[in-house]
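Biologist: Before we discuss this model, I would like every label to be set against its rule. Could we take the terms one at a time?

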Amino acid sequence: MDSINQNQPEDNFKNLQGEEAKAKIKELAEKASSCFFCSNIKTGLPFSTRPMAVQKIDDEGNFWFLSADDSHKNEELSHDPFVHLLFQGSAHSDFLNIYGIADVSKDKEKIKELWEPILKTWFTEGEDDPRITVIKVEPTAGYYWDNKHGNAIAFIKQAAGAVMGKTLDDSIEGKLDID
C-alpha cells in the first residue's frame, strides 16, 4: 500500500465481490457524467478512445451500447474484442475502471429495448436503421475509487486534515470481482 493510504487513521481499501461488486459497478456507472470506451487494447497499436453513452447496465453487470456497424469502433472490435471502460462521476469521487470483452450483434429485440428517441441524431432511420448494432461489454476485471459518506463529508474530512496536518479523507477503493 502506498504511503498516503498508510497514513489514514481508518481503512480505506475494500475489495468487492459478487452481488456487492455488481451493485457498485451499476451505482458508479449510472452516476457517471462521462464514459470513455477504449478499444484496440491487445493489438499492439495505440488504443482508441471515444466517449460513449451507456444505454443500460443489466443486473449481471454487463454494459450495453448502441453503435453503427460501419464505425471505426466496430471495425476495431472485430479484430480485438477486449475493451477498457473509464467512468468519472465527479471531480472528487465516483471513478470506475472496467476491463471487459465486447460482443457486437444486430439483436433487433435488444435494439428496441435500448432505443431512445434522441438516438435518431445518429441513426436517422430510427430504431429500424439497418446500421444499428448492439455492443455488450461483459466485465472481466474492475477497480473503483469513491468516498464512503458523500462529497460533503469527504470535503470536511480533507479540510480538517489540512488544518491538523494529518491525512484524513473519506476515500474508499478496491478491486471489483463480479464472478
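Modeller: Let us begin with burial: a residue is buried under 20% relative accessible area, exposed over 50%, and partly exposed in between, with a 1.4 Å probe and the protein chains only. The model is predicted, so local features need pLDDT of at least 70 and side-chain atom pairs count only at pLDDT 80 or more, while totals for chains, interfaces and linings use all residues. Residues are numbered from 1 along each chain as its sequence is written, and side-chain values use heavy atoms, with hydrogens and water left out.

Biologist: Why is Asn40 called buried?

Modeller: Asn40 has 9% relative accessibility, and because buried means under 20%, Asn40 counts as buried. Asn40 also has a positive phi of about 65° although it is not a glycine. Most residues other than glycine have a negative phi. Asn40 lies in the loop between β2 (34-39) and β3 (48-51), where strands (E, at least two residues) and helices (H or I, at least four) are DSSP runs numbered from the N terminus.

Biologist: How many helices and strands does that rule give for the protein?

Modeller: The secondary structure comes to five helices and nine strands. Of the 179 residues of the protein, 45% count as buried.

Biologist: What makes Ser48 buried, and which residues does Ser48 contact?

Modeller: Ser48, whose place is in strand β3, has 17% relative accessibility and therefore counts as buried under the 20% limit. Contact means heavy atoms within 4.5 Å, and leaving aside neighbours within four places in sequence, Ser48 is in contact with Phe37, Cys38, Ser39, Asn40 and Glu76. Ser48 and Glu76 are 28 residues apart in sequence, with 8.7 Å from C-alpha to C-alpha. Across the protein, among contacts between residues at least 6 apart in sequence, 70% join residues at least 24 apart.

Biologist: Is Lys22 buried or exposed?

Modeller: Lys22, found in helix α2, has a relative accessible area of 11%, so Lys22 is buried. Not counting residues up to four places away in sequence, Lys22 touches Asp59, Glu60 and Ile178.

Biologist: How do you know how many disulfides there are, and what is the count?

Modeller: A disulfide is a pair of cysteine sulfur atoms within 2.5 Å, and by this rule the count comes to zero. Seen from Cys38, the closest cysteine sulfur is in Cys35. Cys35 is at 7% relative accessibility and therefore counts as buried, and Cys38, at 0%, counts as buried too.

Biologist: What makes a set of residues a nonpolar core, and which residues have the most contacts inside the largest one?

Modeller: A nonpolar core is a set of buried Ala, Val, Leu, Ile, Met, Phe, Trp, Tyr and Cys residues joined through side-chain atoms within 4.5 Å. The largest has 24 residues, and those with the most contacts inside it are Phe37, Phe63, Phe65, Leu85, Leu96 and Val137. The elements α2 (18-31), β2, β5, β6 (82-88), β7 (95-105), β8 (132-147) and β9 (171-177) each supply at least two residues of this core, and the largest share, four residues, comes from α2. Apart from this core lies another, of ten residues, among them Leu66, Ala68, Leu119 and Val134.

Biologist: Why is one space called a cavity and another a pocket?

Modeller: On a 1 Å grid over the protein atoms alone, a cavity is a set of points where a 1.4 Å probe fits but cannot get out, whereas a pocket is an open set with protein on both sides within 12 Å along at least five of seven lines; lining residues have an atom within 4 Å of a point. Grid points are joined across faces, edges and corners, and a volume is the space filled by probe spheres set on the points. The structure holds one cavity of 30 Å³ or more, and the largest cavity has a volume of about 60 Å³. The largest share of its lining, four residues, comes from β8.

Biologist: How much space lies in the largest pocket, and which residues are closest to its centre?

Modeller: About 360 Å³ lies in the largest pocket; of the 15 residues that line this pocket, the closest to its centre are Met52, Leu66, Leu119, Trp122 and Phe123. Strand β5 (residues 63-68) gives the most to this lining, with three residues.
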